Every structure is written in C-alpha cells, then in structure tokens.
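Thanks for coming, everyone. Please look at the screen while I talk. I will keep this brisk.

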Amino acid sequence: MLLIPKNRDSDMLGSMPGAFHLIIAPMGDLGAEFNDEGKLLQLVRLHGAPPPTPGGPLPKSLPFLKRQLEAYFSGNLRDFNIPMQIEGTDFQRRVWKELLKIPYGQAISYLELARRLGDEKCIRAAARANGANPISILIPCHRVIGSDGSLVGYGGGLDMKEFLLRLEGVLPKAPPQPRLPLVWE
C-alpha cells in the first residue's frame, strides 16, 4: 500500500471554499484558489490524487500566475506581482507582510522574524502565523529557518522548502546524483 504523506497544505485543500486550479510545478503539483475578481486566495502544494477540474470560467489571473511561476522556477523571476486577497488575523497579516520583505536568495530565523515584528517573545506566534500562510511561494514563508540554520516547519513539506531555498541560492545547489547502472547485478 502506498502512503501519501499529509501536511498542512493537503489539510487546507479540504477547507478551500471555492474551486481550485491545478498548476504543475517542479517539486509537485500546486492548487490555486481565486476569488470572483481573479485575486489569488490560496496557493498550496497538492499531495495524493489530483483534484477534480473546476467548472466555470478560468480566473483571469491564472495564466499570469502560471507564467510567473514558470519564470520563477527557471530562475528568471525574483518578485511576483499577482493580485492577492490575503485573509487572516491582524497579527497573521503583519507576519505575512514581514515575510514579503525578505529578499530573494536570503533567509532569516524565526527569532529574527519575531524581532522584526518588535517582540522576541512572539516567536511561537510568529512561527504559527508563518505556518498558516495561505499563499506559499509568493509570500515566501520558506525563507524562514531555524536559528541554527536547520530547515524546520514548512506546510508544503521540508523537501519543498529545501527545493525552494536551493533554487534561490540560499542553500548550495544539490550535487549531481550518480547515474544508476544500466545493468542490474
């Protein structure tokens, strides 16, 4: 039996009130949800079986989002300008706004995030808000790491966080993998 790992993003899919659209990405499929105005509400990593195809008209910003993600994954885009509608508590929105200030190719610790919010003691609340980010990649919660440099806590899975940080040059590029032998012994 094949077990598909669950994570926060797959849990969020069940709570998506509207239709979401499939986006193929190098580290796995993404699900994007838009409001009626075409603003991005959620972007999460999908796990398991692909979602059903949504009905109705395509959101006007979906092709734009796909082009920007393709450019990002190919290393040709560092900043996104997709219209978004971000819903959360005032504190969560403050955290997500601070995440948007972390430049491409850099990472900060959860402690540094709390300091930037004005209170070291809010580190756990800041980490929870970081983890509740509904628009992964575009709001770069993957750029927050442990104080010791460890990759901790990422809703899309630590493999996705590592992939994104390697893509942006925060972590060294993965070494080439040896080719498998053509003849099995």
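Start with a helix pair. Helix 3, residues 90-99, packs with helix 5, residues 123-131, at an angle of about 75 degrees. Their axes are 9 Å apart. Remember that this is a predicted model. Now, how do these two helices lie relative to each other? Angles of 65 to 115 degrees count as roughly perpendicular, so helix 3 and helix 5 are roughly perpendicular to each other.

Who meets whom? From helix 3 we have Phe91, Gln92, Val95, Trp96 and Leu99. From helix 5 we have Ala125, Ala126, Ala129 and Asn130. By class, this contact has seven nonpolar residues, two polar ones and no charged ones.

Stay with one of those residues. Asparagine 130 sits in helix 5. Is asparagine 130 buried or exposed? Its relative accessibility is 3%, so asparagine 130 counts as buried.

Next, a strand residue. Leucine 30 is in strand 2, which covers residues 30-34. At 0% relative accessibility, leucine 30 counts as buried. What does leucine 30 touch, not counting residues up to four places away in sequence? Its contacts are His21, Leu22, Ile23, Ala25, Leu43, Val44, Arg45, Leu46, Leu69, Ile137 and Met160. Serine 136 is 106 residues from leucine 30 in sequence, yet the two C-alpha atoms are 9.6 Å apart.

On to a pocket. The second largest pocket has a volume of about 150 Å³. Its lining comprises 13 residues. Which of them lie nearest the centre? They are Arg78, Asp79, Phe80, Leu100 and Leu138. By class, the lining has ten nonpolar residues, three charged residues and no polar ones.

Last, the whole chain. How many helices and strands are there? The protein chain has six helices and five strands. From the N terminus, the order is α-β-β-β-α-α-β-α-α-β-α. The protein chain has 185 residues, and 42% of them count as buried. Now take contacts between residues at least 6 apart in sequence: 58% of these join residues at least 24 apart.

That is my tour. Questions, please.

Definitions and conventions:
Residues numbered from 1 in each chain as written. Predicted model: local features only at pLDDT ≥ 70, side-chain atom pairs only at ≥ 80, totals over all residues. Heavy atoms only, no water. Axes fitted to C-alpha atoms, helices over the stretch in contact; angles between N-to-C directions. Helix = DSSP H or I, 4+ residues; strand = E, 2+ residues; numbered from the N terminus. Parallel < 35°, antiparallel > 145°, perpendicular 65-115°, else oblique. Contact = heavy atoms within 4.5 Å. Nonpolar A, V, L, I, M, F, W, Y, C, P; charged D, E, K, R; others polar. 1 Å grid on protein atoms, 1.4 Å probe; cavity = no way out; pocket = protein on both sides within 12 Å on 5 of 7 lines; lining within 4 Å. Points joined across faces, edges and corners; volume = space filled by probe spheres on them. Buried < 20%, exposed > 50% of the residue type's maximum accessible area, 1.4 Å probe, protein only.
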